[in-house]
Amino acid sequence: MMACDASCHDTCHLVHEDMCLDRAQTLSCGPSLLYLPWEDVLCRYVLCRLSLHDLFRLRQVNRAAAELVKAFFGRRLQVDLTHYAGRIPARSFHTIVDGNRVLRTLVLANCRDWLDDSVLCGVITCCPRLQHVDVSGCSRLTDATPRALAAGCPDLDAVVMRDCHWLSASALAALALGCRRLQRIDVESCWAVDDAAIKVVLAACCRLQNLSLCKIYGITDATIREIAYCRTPLTDLNISGCWRVTDDSIRLRLRGVLVDRARPSYIPLQGESSSEAYLKMLMHRLHLQI
């Protein structure tokens with residue numbers, strides 16, 4: 001066993017020396033981009049301006065260039081593959097995120113062709129500082145992904161899962177309980193979500209400001225009543241396409257006692273009723289889409 005460890009150590013040492021030699025040979029050929037400080041200059045001011053395609057082309061120049069791009073990828077705070085969703089394989093995604101422990105934003109909308117739990121859950125486990133995750137339209141994922149977020153990303157403040165029909169009500173509830181700092185939740189067209197799950201969300205996520213529940217049959221007047229009584233600082237609510245929400249719930253939002261227990265901050269103008277003044281306050285506070 002000790003001989004095996006020594007052999008692995010020697011191999012890693014030789015690979016490191018080989019990279020250093022390759023970089024030294026590159027620099028000895030004359031003025032080179034790689035001669036500039038990597039972290040303070042190249043990563044901060046040059047590589048950040050290159051497209052993903054250009055970064056992968058740069059990796060192919062030599063081993064030193066590949067090492068530079070790897071260092072850049074390892075320090076990125078944001079990865080957004082929206083424009084490359086169907087054009088990169090899973091191995092390229094691993095090249096981008098492997099070794100990154102500081103990632104904050106991960107946008108993988110519509111990466112349905114290659115993204116599954118086996119690819120994503122490992123990344124989530126290695127990136128506990130994630131704050132924003134968007135997996136909209138990723139149809140090959142399962143409840144394992146939101147449960148991994150709940151277990152490993154307590155600082156998550158925004159999750160977007162539009163058209164994730166696989167999302168269950170229990171998985172959404174688990175996500176809310178594990179990520180109590182959530183400020184934005186978008187589960188548009190997640191058909192399995194129901195009133196019970198949203199009740200857990202409202203109780204657990206006391207910072208929630210933006211909630212989108214579009215096109216969910218399981219959302220009824222019960223959810224609107226919970227929203228009316230909840231103490232979250234909700235400012236944006238989208239319930240368009242929620243066919244089981246009736247007019248009674250919309251009127252409920254206009255009754256001061258049932259929506260906010262504090263007294264209205266608007267003073268009625270001359271000729272204006274107190275209810276009209278209160279309605280102005282609600283419209284100022286809540287952006288409601290129906």
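The exercises below concern a predicted model.

**Exercise 1.** Determine how the axes of helix H8 and helix H9 are oriented relative to each other, and describe the contact of H8 with H9.

*Solution.* 
Step 1. Helix H8 covers residues 169-178 and helix H9 covers residues 195-204; their axes come within 9 Å and cross at roughly 5°.
Step 2. Angles under 35 degrees count as roughly parallel, so H8 is roughly parallel to H9.
Step 3. On the H8 side, the residues in contact are Ala 169, Leu 172, Ala 173, Ala 176 and Leu 177; they meet Ala 197, Ile 198, Val 200, Val 201 and Ala 204 in H9.
Step 4. Sorted by class, this contact has 10 nonpolar, no polar and no charged residues.

**Exercise 2.** Locate the partners of the salt bridge between Asp 116 and Arg 140, and classify each as buried, partly exposed or exposed.

*Solution.* 
Step 1. The two side chains meet with an N to O distance of 3.8 Å.
Step 2. Asp 116 lies in the loop between strand E2 and helix H6, whereas Arg 140 lies in the loop between strand E3 and helix H7, 24 residues apart.
Step 3. Buried means under 20% relative accessible area; Asp 116, at 18%, is therefore buried.
Step 4. Arg 140 has 43% relative accessibility and so counts as partly exposed.

**Exercise 3.** Which residues are linked with Arg 184 in a network of salt bridges?

*Solution.* 
Step 1. Arg 184 forms a salt bridge with Asp 186, with the closest N and O atoms 3.9 Å apart.
Step 2. The network links Arg 184 and Asp 186 with Arg 162, Glu 188 and Lys 215.
Step 3. Arg 184 is partly exposed at 26%, while Asp 186 is buried at 4%.

Definitions and conventions: Residues are numbered from 1 along each chain as its sequence is written. This is a predicted model: local features need pLDDT of at least 70, side-chain atom pairs count only at pLDDT 80 or more; totals for chains, interfaces and linings use all residues. Side-chain values use heavy atoms; hydrogens and water are left out. Axes are lines fitted to C-alpha atoms, for helices over the stretch in contact, and angles run from 0 to 180 degrees between N-to-C directions. Helices (H or I, at least four residues) and strands (E, at least two) are DSSP runs, numbered from the N terminus. Angles under 35 degrees count as roughly parallel, over 145 as roughly antiparallel, 65 to 115 as roughly perpendicular and the rest as oblique. Contact means heavy atoms within 4.5 Å. Ala, Val, Leu, Ile, Met, Phe, Trp, Tyr, Cys and Pro count as nonpolar, Asp, Glu, Lys and Arg as charged, and the others, Gly among them, as polar. A salt bridge is a side-chain nitrogen of Lys or Arg within 4 Å of a carboxyl oxygen of Asp or Glu. Buried means under 20% relative accessible area, exposed over 50%, partly exposed in between (1.4 Å probe, protein chains only).
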